[in-house]
Amino acid sequence: MKRVAVLGSTGSIGTNCLQVLDALPERLSLSGITAHRRWRELAEQTQSNHPRWAVVTDESLRHGVDRGAFSTKTELLFGESGIERLCSAPEVDVVVSAIVGAAGLRGTWIALECGKAVAIANKETLVVAGPLVMELAKRTNATLVPVDSEHSAIFQALQAGRSNEVKRVVLTSSGGPFRGRTLARLRDVTPAEALAHPTWNMGPKITIDSATMMNKALEVIEAKWLFGLRDDQIDVVVHPQSIVHSFVEFTDGSVIAQLSPPDMRLPIQYALTYPERCESIASKLDWTKSFDLHFEPPDLDAFPALRLGFEVASRGGTCGAVLNAANEVAVERFLAGSLRFCDIPRACRAVLEQHDFDASPSLSELLRLDQEARQEIARWA
Ligand code: NAD
Ligand code: MG
């Protein structure tokens with residue numbers, strides 16, 4: 001029995017994760033959950049699963065939360081210290097890192113420091129501090145298994161050969177809602193249009209990232225650190241059906257891919273039961289019906305965010321932290337109506353080019369640059 005803590009349990013990944021746990025009661029039990037502000041949903045989750053801990057991470061809600069709404073078997077905690085308690089508890093074996101943004105770094109870091117297994121959905125952690133995170137996991141013998149569907153696919157496909165036999169990994173992208181548009185036709189895109197993703201149902205930040213293709217940019221960086229790849233070993237191909245989740249090409253020309261319908265419950269379950277597999281509630285491919293799989297190269301002129309991703313993966317150092325922070329605030333501004341869609345990558349590039357580059361920064365330096373980049377973007381006009 002693995003005892004699981006889910007950071008960000010009220011989100012899209014978090015709620016899918018609780019469904020996976022409910023379906024596998026003989027393998028997985030829920031020890032703890034967290035939410036930032038939506039404490040009523042968190043309270044409801046304690047009523048069906050009775051985890052030992054529930055954390056409301058927004059401290060300012062400490063006096064506004066109705067404790068009576070939570071299960072009597074659950075201890076209610078607040079703020080960063082609550083996350084720390086959960087991630088370091090000996091009663092937790094696996095931490096699911098499913099908070100959105102750089103805010104997910106702290107819990108992931110603590111869980112790795114404690115040598116726990118981490119199922120990582122929060123790609124921003126690896127974008128901000130990939131080399132430091134991988135080094136920490138190695139030092140403490142912690143296992144880091146990807147939840148992001150592309151990285152889960154690559155993680156699975158890599159098992160078909162040795163690392164020196166890998167020619168390259170190819171990340172697939174749905175292309176988002178604006179596939180096929182030119183840059184000129186992306187100028188006046190509205191938040192509502194950008195929030196309508198064709199294949200995946202996700203939280204708002206990653207949905208906007210998918211529309212700009214910043215999501216794929218972040219995933220290129222995530223793949224580089226997670227799998228220890230050279231720049232020339234990472235490619236992206238657009239695949240609108242989101243059935244082939246990514247693939248690995250080996251030196252002999254063999255391509256090993258992972259296929260399944262777009263349903264995050266499968267990569268979540270794989271990360272939780274790894275190295276084993278078992279029956280799952282995720283939807284299955286129906287081979288009795290005909291369907292097509294289409295592939296096309298990405299359009300880097302229409303989606304300059306992707307070009308930025310390759311550049312940042314290649315430069316490394318402080319670039320990932322700055323790009324990520326700039327993008328988080330740019331997305332917030334776009335959703336609030338104070339930044340145009342096509343200005344998201346433009347503003348990110350401007351802030352990246354201005355920043356004080358360091359090739360091997362410490363964690364505290366990365367966190368300082370994260371704050372500075374946020375302030376820069378807030379001012380960008
Ligand atoms: P979401 O917005 O649906 O949920 C985010 C969760 O994080 C919520 O529980 C929220 O309460 C919590 N949270 C938000 N801000 C916080 C803060 N400052 N401090 C602490 N907690 C905070 O997001 P999501 O779509 O579930 O994505 C979560 C992560 O998983 C992201 O990093 C995303 O890139 C990654 N991911 C998501 C999907 C998907 O299908 N949704 C797929 C791959 C990767
Ligand atoms: Mg993905």
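Is Cys87 buried or exposed? Cys87 is buried, with a relative accessible area of 0%. The model is a predicted one.

A search of the whole structure finds 0 disulfides. Cys87 is in none: the nearest cysteine sulfur belongs to Cys114 and is 8.0 Å away. A disulfide would need the two sulfur atoms within 2.5 Å. Cys319 is in no disulfide either, and the nearest cysteine sulfur, that of Cys348, lies 12 Å away. Cys319 is buried too, at a relative accessible area of 1%.

Now the domains. Domain 1 covers 2-146. Domain 2 is assigned as 152-262 + 283-315. Their C-alpha centres are 27 Å apart.

Next comes the interface. Here 12 residues of domain 1 are in contact with 15 residues of domain 2. The size of an interface is often given as the accessible area lost when the parts come together. Between domain 1 and domain 2 the buried area is about 1,200 Å². Carbon and sulfur atoms give 72% of that area. On the domain 1 side, Lys123, Val127 and Pro146 supply 47% of the area buried against domain 2, more than any other three residues.

The side chains of Glu124 and Lys205 form a salt bridge, at 2.9 Å from N to O.

Two elements each give two or more residues to the side of domain 1 that touches domain 2: α5 (123-140) and β7 (144-146). The largest share, 7 residues, comes from α5.

Definitions and conventions. Residues numbered from 1 in each chain as written. Chains lettered and ligands numbered in written order. Predicted model: local features only at pLDDT ≥ 70, side-chain atom pairs only at ≥ 80, totals over all residues. Heavy atoms only, no water. Buried < 20%, exposed > 50% of the residue type's maximum accessible area, 1.4 Å probe, protein only. Domains from an automatic or database assignment. Contact = heavy atoms within 4.5 Å. Buried area = accessible area lost by both parts, 1.4 Å probe. Salt bridge = Lys/Arg side-chain N within 4 Å of Asp/Glu carboxyl O. Helix = DSSP H or I, 4+ residues; strand = E, 2+ residues; numbered from the N terminus.
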